Amino acid sequence: MRPLPLLAVGTLVAGMVTVLTGSPATAAVNRYEAETAPAMCTGTIDANHAGFSGTGFCNGDNVVGASVQFTVTMPAAGRATLGVRFANGTTTGRPADVLVNGTRVSTAAFGGTGAWTTWSASTLTVSLGAGSNTVRLSPTTAAGLPNVDSLDVDTSGSSSAGTGRPDDSNIQYYGRWSRSDPAFPAMGWAGGYLETRFTGSVIGVRQRNAIDLYYSVDQAAPQWRRNVSGNVTLASGLTGGSHSIRIGYRERAGSYTGDPVFGGLILASGAQTAPLARPANLVEFIGDSITVGQPNANRPFTAYPWLTAEALGAGHTQVAQGGACLVNQDCYGMVDWFRRSSAWVSTDDWNFGTYQATAVVINLGTNDVGHGVSTVQFQQNYVVMLERVRVAYPNAEIFAMGVFRNRYVPETRNAVAARTAAGDAKVHFVDTTGWIDPATDTTDNVHPTDAGHVKITQRLRPILDQYI
């Protein structure tokens with residue numbers, strides 16, 4: 001390995017060969033070579049260390065955020081054992097996040113192998129959807145990746161059945177979830193949710209303390225269960241076959257301090273979870289109470305972020321808090337708080353390797369006036385915000401909305417122009433002039449009604465649809 005310029009990004013060539021193992025009755029292991037398209041390598045394809053398979057290996061850049069990505073094809077959804085063939089000629093491990101379809105599922109240690117010509121394998125089991133899947137290795141330290149030769153994908157003898165526990169790999173999490181208590185992952189910010197498929201005629205969920213939760217079975221309209229705790233039955237008398245379930249929670253806000261944690265699903269006897277493929281796109285919305293959907297009773301699923309992403313068929317989350325500002329000046333300044341797992345932590349603790357957003361929509365500036373933020377401060381901080389979002393999500397389309405009350409709009413537009421001039425072609429200003437009428441589409445000249453959120457969705461969706 002050696003440091004390479006950030007612009008030296010090679011494209012791996014990712015074809016598939018079949019490696020037979022065991023008896024003729026044993027299923028094949030599919031090998032994906034690092035040098036065969038459509039695999040991608042942030043670095044170069046080299047062949048200077050003997051022992052690799054195929055015609056070369058990925059020699060990645062020695063930077064955080066570099067990656068090697070394989071495209072894996074599955075005939076049907078299910079579990080698969082991944083074997084990463086690598087060499088690390090140093091004595092120091094080169095850990096990397098493992099992202100499947102854009103979501104972090106594990107971390108691989110990639111310890112020293114003794115020499116760059118000594119190849120080893122690191123294995124883990126994951127759930128993959130039917131059809132095309134991406135498996136990305138992204139280093140977590142400046143040492144970068146080891147040399148990566150290939151990825152073996154073994155589906156023989158694996159089962160897609162899951163238990164419904166919080167660590168069940170069939171459960172897909174959207175948004176920022178804290179795993180500090182593995183038995184009860186906690187939803188951070190607003191708009192987080194989880195979903196999976198399951199069998200059986202009944203479905204329930206384990207809660208800790210009281211919370212308002214919403215759920216949807218088989219993509220029906222969401223329903224509320226208010227102020228529930230302990231074991232909660234959500235649906236019973238379901239017909240045979242498999243079903244889908246989505247669960248989310250009311251965000252902490254104002255005097256409401258519910259316990260938005262997920263303790264696992266309660267399945268019928270003999271029932272199991274099954275894989276549910278994630279959408280190709282995930283949109284992250286950053287903002288204040290308007291982005292949360294406050295004060296409307298059925299938020300988040302009546303708010304424009306939810307409505308817009310659902311209309312696009314995308315996953316989504318809202319990194320938003322009532323009263324939030326852009327600038328961190330006696331306020332939840334999202335320029336800093338964006339880097340945290342929730343509004344109640346005190347450090348920049350979020351691991352952006354957990355998932356990658358396809359698009360990020362920023363709606364900030366409504367509250368900064370009340371905290372004495374000057375136009376100069378605002379523009380400077382907005383440029384920093386855009387820079388930080390770009391570092392977090394290197395490939396995302398970023399949309400900076402002019403706020404509906406027309407505050408700091410020229411500064412927002414100027415910040416986008418500054419980033420564009422700096423070479424970021426995936427940053428866009430969204431002019432919201434005339435989208436809603438404060439007299440008829442808001443409850444208080446600030447917060448949109450449910451109908452107001454629908455109007456915003458009707459204008460925002462086609463803009464995002466051009467890019468994702």
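Is Asn 445 buried, partly exposed or exposed? Select Asn 445 and you'll find a residue that is partly exposed, with a relative accessible area of 47%. (Buried means under 20% relative accessible area, exposed means over 50%, and partly exposed is in between, using a 1.4 Å probe and protein chains only.)

Before moving on, some housekeeping. This is a predicted model, in which local features need pLDDT of at least 70, side-chain atom pairs count only at pLDDT 80 or more, and totals for chains, interfaces and linings use all residues. Residues are numbered from 1 along each chain as its sequence is written, and side-chain values use heavy atoms, with hydrogens and water left out.

**Stop 1**

(Helices, H or I with at least four residues, and strands, E with at least two, are DSSP runs numbered from the N terminus.) Check the backbone here: phi is positive, about 70°, although Asn 445 is not a glycine. Most residues other than glycine have a negative phi, and most peptide bonds are trans.

Next, pick Trp 189, which sits in strand S14 (residues 186-199). Trp 189 isn't a glycine, yet has a positive phi of about 55°. Trp 189 is buried, with a relative accessible area of 3%.

Now jump to the loop between H1 and H2. Pro 295 is there, between helix H1 (289-292) and H2. Colour the bond between Gln 294 and Pro 295: that's a cis peptide, with omega about 0°. Move along to Pro 300, also placed in the loop between H1 and H2. Arg 299 and Pro 300 are joined by a cis peptide bond too, and here omega is about 5°.

**Stop 2: H2 against H7**

Select H2 (residues 304-312) and H7 (residues 450-465) together. Two packed helices are described by the angle between their axes and the distance between the axes. For H2 and H7 the angle is about 45° and the axes are 9 Å apart. (Axes are lines fitted to C-alpha atoms, for helices over the stretch in contact, and angles run from 0 to 180 degrees between N-to-C directions.) That makes H2 oblique to H7. (Angles under 35 degrees count as roughly parallel, over 145 as roughly antiparallel, 65 to 115 as roughly perpendicular, and the rest as oblique.) H2 and H7 cross in a right-handed way. (A crossing is right-handed if the near helix is turned clockwise from the far one by less than a right angle, and left-handed if anticlockwise.)

Show side chains at the contact, meaning heavy atoms within 4.5 Å. From H2 you want Tyr 304, Leu 307, Thr 308, Ala 311 and Leu 312, and among their H7 partners are His 453, Val 454, Leu 460 and Asp 465. The residues of this contact split into 8 nonpolar, 3 polar and 2 charged. (Ala, Val, Leu, Ile, Met, Phe, Trp, Tyr, Cys and Pro count as nonpolar, Asp, Glu, Lys and Arg as charged, and the others, Gly among them, as polar.)

While you're on H2, highlight its buried residues: Tyr 304, Pro 305, Trp 306, Thr 308, Ala 309 and Leu 312. Just past the end of H2, Gly 313 takes a positive phi of about 70°.

**Stop 3: H4 against H5**

The crossing of H4 and H5 is right-handed. On the H4 side, the contact includes Phe 378, Tyr 382 and Leu 386, while H5 brings residues including Asn 414, Ala 415 and Arg 419. The tally for the contact of H4 with H5 is 7 nonpolar, 4 polar and 4 charged.

**Stop 4: around Arg 79**

Centre on Arg 79, in strand S7 (residues 78-87). Arg 79 is buried, at 19% relative accessible area. What does its side chain touch? Look for a polar contact of 3.2 Å to the side chain of Ser 127 and another, at 3.0 Å, to the side chain of Ser 169. Thr 155 and Arg 79 are 76 residues apart along the chain, with their C-alpha atoms separated by 6.6 Å. Thr 155 is partly exposed, at 32%.

Methods: A polar contact is a pair of N or O atoms within 3.5 Å; within protein, one must be able to donate a hydrogen and the other to accept it, and residues adjacent in sequence count only if both atoms are side-chain atoms.
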